[in-house]
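Work through the exercises below with the sequence and the coordinates open beside you, and try each task before reading its solution.

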Amino acid sequence: MGSLLVVIGVAGVVYIWLRGARANRLRWLQRLDLPGTWNWQEHDGTLELAGELSEGTFRKLEAGVESRGEWRLTGHNLSLEPSGGKLETYDLRFFEAGKIGLQSGDAEARVYVKSPSNVVPLRRGSG
């Protein structure tokens with residue numbers, strides 16, 4: 001009987017921890033606010049992310065070369081998989097709202113600034 005109470009207690013603690021971790025992840029994703037248009041600060045280039053807070057489609061334009069495909073955020077890694085191309089993985093660094101850094105495996109670091117949007121989301125009332 002005592003071991004059953006220990007198992008139930010451990011399961012309860014794990015459940016509460018997982019729920020808190022999930023809520024913290026959601027708050028972090030909302031603060032990142034990745035979907036939108038990001039301008040490369042040092043050079044001429046844009047990265048447009050569409051979809052959910054942690055995945056969707058992308059369009060990247062650099063030096064007149066455009067690529068499109070799927071993006072996904074896993075932990076602090078932003079993966080861009082162009083259609084028919086090679087998977088690119090970047091370490092995402094959050095500086096402040098509307099400003100992120102992406103560093104590739106070959107140590108190339110880029111700073112992106114989010115373009116302001118003139119679209120205002122409307123919340124529907126509950127009644």
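**Exercise 1.** How many salt bridges does a search of the whole structure find?

*Solution.* The model is a predicted one, and searching the whole of it gives 8 salt bridges. Begin with Glu48 and Arg59, whose side chains meet in such a bridge at 2.9 Å, N to O. This pair links distant parts of the chain, since Glu48 belongs to strand β2 and Arg59 to strand β3 (residues 55-62), 11 residues apart. Next, take Glu66, whose side chain also meets that of Arg59 in a salt bridge, again with 2.9 Å from N to O.

**Exercise 2.** Decide whether Glu48 is buried or partly exposed.

*Solution.* The buried class ends under 20% relative accessible area and the exposed class starts over 50%. Glu48 has 29% relative accessibility, and therefore counts as partly exposed.

**Exercise 3.** Which residues does Thr46 contact, leaving aside its neighbours within four places in sequence?

*Solution.* Locate Thr46 in strand β2 (residues 45-51), and note that its relative accessibility is 17%, so that Thr46 counts as buried. Its contacts, with those neighbours left aside, are Trp38, Asn39, Arg59, Lys60 and Leu61.

**Exercise 4.** Which residues form a nonpolar patch on the surface?

*Solution.* The patch consists of Val6, Val10, Val14, Trp17 and Leu18, which together have about 500 Å² of accessible area. One of them, Val14, is found in helix α1 (residues 2-32) and is partly exposed, with a relative accessible area of 41%.

Technical notes:
Residues numbered from 1 in each chain as written. Predicted model: local features only at pLDDT ≥ 70, side-chain atom pairs only at ≥ 80, totals over all residues. Heavy atoms only, no water. Patch = residues over 30% accessible without salt bridge, like charges linked within 9 Å, V, L, I, M, F, W, Y side chains within 5 Å. Areas by Shrake-Rupley, 256 points an atom, 1.4 Å probe, with all protein chains shown as cover. Salt bridge = Lys/Arg side-chain N within 4 Å of Asp/Glu carboxyl O. Helix = DSSP H or I, 4+ residues; strand = E, 2+ residues; numbered from the N terminus. Buried < 20%, exposed > 50% of the residue type's maximum accessible area, 1.4 Å probe, protein only. Contact = heavy atoms within 4.5 Å.
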